[in-house]
Amino acid sequence: MPSLSWNEIRQRAIQFSRSWEDARDERAEAQSFWNEFFDVFGMRRRTVATFEERVRTVKDTYGRIDLFWRGRLLAEHKSAGESIEKAKSQAFDYIHDLMSSGRTDEVPRYVVVSNFREVSLFDLEPEKGAEDRIDFQLADFHKHVKHFAFIIGQKTHRFGEEDPANLEAAQIMAALHDTVEEGGYSGRDLERLLVRLLFCLFADDTGIFEPSQFELYLEAHTKEDGSDLGTHLSILFEILDTPAEKRSKHIDEDLAGFPYVNGDLFGERLRLAGFTRAMRDRLIAACRFDWSRISPAIFGSLFQGIMDPHERRQIGGHYTTERDILKVIGPLFLDDLRAEFDKLRGDRSTGRNKRIDEFLAKLRSLNFLDPACGCGNFLVVAYRELRRLELAALNLRHKLDQPGAILTLGGEVTKLSQVDVDQFYGIEVGEWPARIAETALWLTDHQMNTELALATGNPFTRIPLKASPHIKCGNALRF
């Protein structure tokens, strides 16, 4: 096991990307780049790889590989602005040169090339059905660290295009709903179960859990026929609702690795659900979707896709697009807040710091109510936009006299964002959409915390959950 957790590696990757975003010259900076690249994973480059490895070419001259880890990794680097395909061509020429000069046993499985802005990683021995190449911007390195698990001796994620965050997420949850319901598990318990599963699926891909922690637990600890899946889920939910210091010292190590979530999401004990092989397969397949990129609007289509069509007609359920939501909340309050912020941005007086602080306090003081909130789309989008406005104001506040100061706040980052989900209220007659609204706000909160972490270069999480949205299940006209 690595000495660093994957969450720590991800945070190091964020800081690494930010520190190298302005680098340009390969000759002057490439070796420092790769030294710090290995440090992201808690590895000392010099213990495994060398710079400028000599290799005899087919022209009977000698070339020099930028970075070489025998049997494992070859890296080629170019200056900013140069074609990354040029680096790729040179790297694969060196692979050919190694083979032609009798050094076949030294040929690495992986090749990585970069020009400071872009990164391409190649797997020369891909698994069946897997892609052999992944490309990404250096700024997105933290999203792809698991592909470099071979650096610390772990199995890598399969390469492949990230699934788009579209209606497929809703279809996955609808199919999971139908599969479990067909087994005789229905009503409020089913709705609660699906909300918890949705949280776990999202947590697996966004840093709340270790990457794929939920998926790996299911695969390693539950029987393939699904007969004990319900029991393991019940145990896991109890663990997620128990602080680490109150857990038994004798629980399985893999269970102990899950964080304490709180927020009452996992507090209520549900009936034990029975699962079959097909139901287990369906859940594990859902784990393989990329839940980190779902948009707030997806919860509306998820709600619509799972509800019974007859029931939907009776209570007036309707999926509103994100574009239409913004058309409504803009004139209601968002346009005025943005106009107020624009005035602050143009203010050059000595009192601007104080006025920005007052604006930030105002954002925290606002409360929002949707009296017929459905699955919470309006609340979710409003919360996201409020957090982004707060982040813009924080950047303005901390970069006034000390440009870049927000990048070095360290632990103080946890005191920056004061806007939270407890400013948001909703009333909804249906239990299922009410719970979706509540969970959607928590998930959006985590997405916004990730945006703050990227802006500051410092980790920022709110797990265990302390603040909760106020979603009342009831008839709005009577309540």
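Predicted model: local features only at pLDDT ≥ 70, side-chain atom pairs only at ≥ 80, totals over all residues.
Is phenylalanine 116 buried or exposed? At 1% relative accessibility, phenylalanine 116 counts as buried.

**Overview**

The protein chain contains 15 helices and nine strands. Of its 479 residues, 51% are buried.

Phenylalanine 116 sits in the loop between strand S4 (110–114) and S5. Its phi is near 75°, a positive value in a residue other than glycine. Serine 212 also has a positive phi, near 60°, and lies in the loop between H5 and helix H6 (213–221). With a relative accessibility of 9%, serine 212 counts as buried. For context, most residues other than glycine have a negative phi, and most peptide bonds are trans.

A cis peptide bond turns up too: the one from isoleucine 463 to proline 464, with omega near 5°. Proline 464 is placed in the loop between H15 and S9.

Proline 469 is found in the loop between H15 and strand S9 (470–473). This proline is buried, at 5% relative accessibility. Its C-alpha atom is 5.5 Å from that of phenylalanine 424, although the two residues are 45 apart along the chain. Beyond its neighbours within four places in sequence, proline 469 is in contact with Val421, Asp422, Phe424, Glu438, Leu441 and Trp442.

**Serine 120 in strand S5**

Strand S5 (residues 118–123) holds serine 120. Its relative accessible area is 2%, so serine 120 is buried. The side chain of serine 120 makes a polar contact with the side chain of arginine 133, at 3.5 Å. Not counting residues up to four places away in sequence, serine 120 touches Ile84, Val111, Val112, Val113, Arg133, Ile134 and Asp135.

**Helices and how they pack**

Helix H14 (residues 377–398) has 22 residues, which at 1.5 Å a residue should span 32 Å; the end C-alpha atoms are 32 Å apart, in agreement. Because 17 of those 22 residues are buried, H14 is largely enclosed by the rest of the structure.

Two packed helices are described by the angle between their axes and the distance between the axes.

| Helix pair | Angle between axes | Distance between axes |
|---|---|---|
| H1 (residues 6–19) and H15 (residues 431–456) | about 45° | 9 Å |
| H5 (residues 187–206) and H15 | roughly 10° | within 9 Å |

With its crossing angle of roughly 10°, H5 is roughly parallel to H15. From H5, the contact draws on Arg188, Glu191, Arg192, Leu194, Val195, Leu198, Phe199, Phe202 and Thr206, and from H15 on Glu431, Trp432, Arg435, Ile436, Thr439, Leu443, His446, Gln447 and Thr450. By type, the residues of this contact of H5 with H15 are eight nonpolar, five polar and five charged.

Turning to H1 and H15, their axes pack at about 45°, and the two helices are therefore oblique to each other. Gln11, Ile14 and Arg18 of H1 meet Ala453, Leu454, Ala455 and Thr456 of H15. The residues of this contact of H1 with H15 comprise four nonpolar, two polar and one charged.

How values were computed:
Residues numbered from 1 in each chain as written. Heavy atoms only, no water. Helix = DSSP H or I, 4+ residues; strand = E, 2+ residues; numbered from the N terminus. Expected span 1.5 Å × (residues − 1). Buried < 20%, exposed > 50% of the residue type's maximum accessible area, 1.4 Å probe, protein only. Axes fitted to C-alpha atoms, helices over the stretch in contact; angles between N-to-C directions. Parallel < 35°, antiparallel > 145°, perpendicular 65-115°, else oblique. Contact = heavy atoms within 4.5 Å. Nonpolar A, V, L, I, M, F, W, Y, C, P; charged D, E, K, R; others polar. Polar contact = N/O pair within 3.5 Å; in protein donor to acceptor, adjacent residues only side chain to side chain.
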